[in-house]
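Please consult the sequence and the coordinates alongside the text.

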Amino acid sequence: QVQLVESGGGSVQPGGSLTLSCAASKSEYPIAVMGWHRQAPGEDQRELVGRAPIIGDPRYSDSVKGRFTISRDTAKNTVHLQMNDLQPEDTAVYYCEALIQQATDYLTVWGQGTLVTVSS
């Protein structure tokens, strides 16, 4: 099964920047979408940050649009999340997601998560 390995989390002051990276192991099937979700402290559910399809432009949630940028390298099976102008409300565990197009259905695979803390 495909595995996702994330890196790049850490602590930053408000207004700062961080870049997260995610690398997928070799997949037998096409990885249709790679993206990022996050789960804030105390929250039960993950929130979509953005997704990058194989073809087409990435899509973002309204909360990060204009501040975050997703870049995907389909040849290397990597996806990066450039986060600018970070704010305390961006504090969360960020999870990489891969949507794999199998023969008859789609499989969602998650990374282990990486913590981003925005605090002064």
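The points below are grouped by topic.

The model is predicted. It holds one disulfide and five salt bridges. Strand S9 is mostly covered, with seven of its 10 residues buried.

**Disulfide**

- The disulfide of the structure is formed by Cys22 and Cys96, with 2.1 Å between their sulfur atoms.
- Cys22 belongs to strand S3 (residues 18-24) and Cys96 to strand S9 (residues 92-101), so the link ties together parts that are 74 residues apart in sequence.
- The link of Cys22 and Cys96 is left-handed, with -80° about the S-S bond.
- Cys22 counts as buried because its relative accessibility is 1%, which is under the 20% limit.
- Cys96 likewise counts as buried, at 0% relative accessibility.
- In general, a disulfide is a covalent bond between the sulfur atoms of two cysteines.

**Four-stranded sheet**

- Four strands form an open sheet in the order S1-S3-S8-S7, and their pairing is antiparallel.
- Strand S1 (4-7) and strand S7 (68-73) stand at the edges with a single partner strand each, so one side of each has no neighbour in the sheet.
- From one strand to the next, the twist averages 15°.
- Four bridges join S1 and S3 in the antiparallel sense.
- Val5 has Ala23 of S3 standing opposite.

**Strand S9 and its partners**

- S4 and S9 pair in the antiparallel sense, over eight bridges.
- Within this part of the structure, Arg38 stands opposite Tyr94 of S9.
- S9 and S11 run antiparallel and are joined by three bridges.
- Val93 stands opposite Leu115, a residue of S11.
- S9 and strand S10 (residues 106-110) also run antiparallel, joined by five bridges.
- Leu99 stands opposite Thr108, which lies in S10.

- Thr114 has its place in strand S11 (residues 114-118).
- With 11% relative accessibility, Thr114 counts as buried.
- A polar atom of the Thr114 side chain lies 3.2 Å from the backbone nitrogen of Gly9.
- When residues up to four places away in sequence are not counted, Thr114 touches Glu6, Gly8, Gly9, Leu20, Ala92, Val93 and Tyr94.

**Salt bridge network around Asp90**

- Side chains of opposite charge can pair when their charged atoms come close.
- A network of salt bridges links Arg38, Glu47, Arg67 and Asp90.
- The salt bridge of Arg38 with Asp90 has its closest N and O atoms 2.9 Å apart.
- Arg38 lies in strand S4 (residues 31-39), whereas Asp90 lies in the loop between strand S8 (78-83) and S9, so their pairing ties together parts that are 52 residues apart in sequence.
- Arg38 and Asp90 are both buried.
- Arg67 also forms a salt bridge with Asp90, and here the closest N and O atoms are 2.8 Å apart.
- Arg67 is in the loop between strand S6 (59-60) and S7, and Asp90 is in the loop between S8 and S9, so this pair ties together parts that are 23 residues apart in sequence.
- Arg67 counts as buried at 16% relative accessibility, and Asp90 counts as buried at 0%.

**Salt bridge between Arg51 and Glu97**

- Arg51 and Glu97 meet through their side chains in a salt bridge, with an N to O distance of 3.0 Å.
- Which of the classes buried, partly exposed or exposed applies to Arg51? Arg51 is partly exposed, its relative accessible area being 33%.
- Glu97 counts as buried, with a relative accessibility of 4%.

Definitions and conventions
Residues are numbered from 1 along each chain as its sequence is written. This is a predicted model: local features need pLDDT of at least 70, side-chain atom pairs count only at pLDDT 80 or more; totals for chains, interfaces and linings use all residues. Side-chain values use heavy atoms; hydrogens and water are left out. A disulfide is a pair of cysteine sulfur atoms within 2.5 Å. Helices (H or I, at least four residues) and strands (E, at least two) are DSSP runs, numbered from the N terminus. Buried means under 20% relative accessible area, exposed over 50%, partly exposed in between (1.4 Å probe, protein chains only). Two strands pair if DSSP finds at least two bridges between them. Axes are lines fitted to C-alpha atoms, for helices over the stretch in contact, and angles run from 0 to 180 degrees between N-to-C directions. A polar contact is a pair of N or O atoms within 3.5 Å; within protein, one must be able to donate a hydrogen and the other to accept it, and residues adjacent in sequence count only if both atoms are side-chain atoms. Contact means heavy atoms within 4.5 Å. A salt bridge is a side-chain nitrogen of Lys or Arg within 4 Å of a carboxyl oxygen of Asp or Glu.
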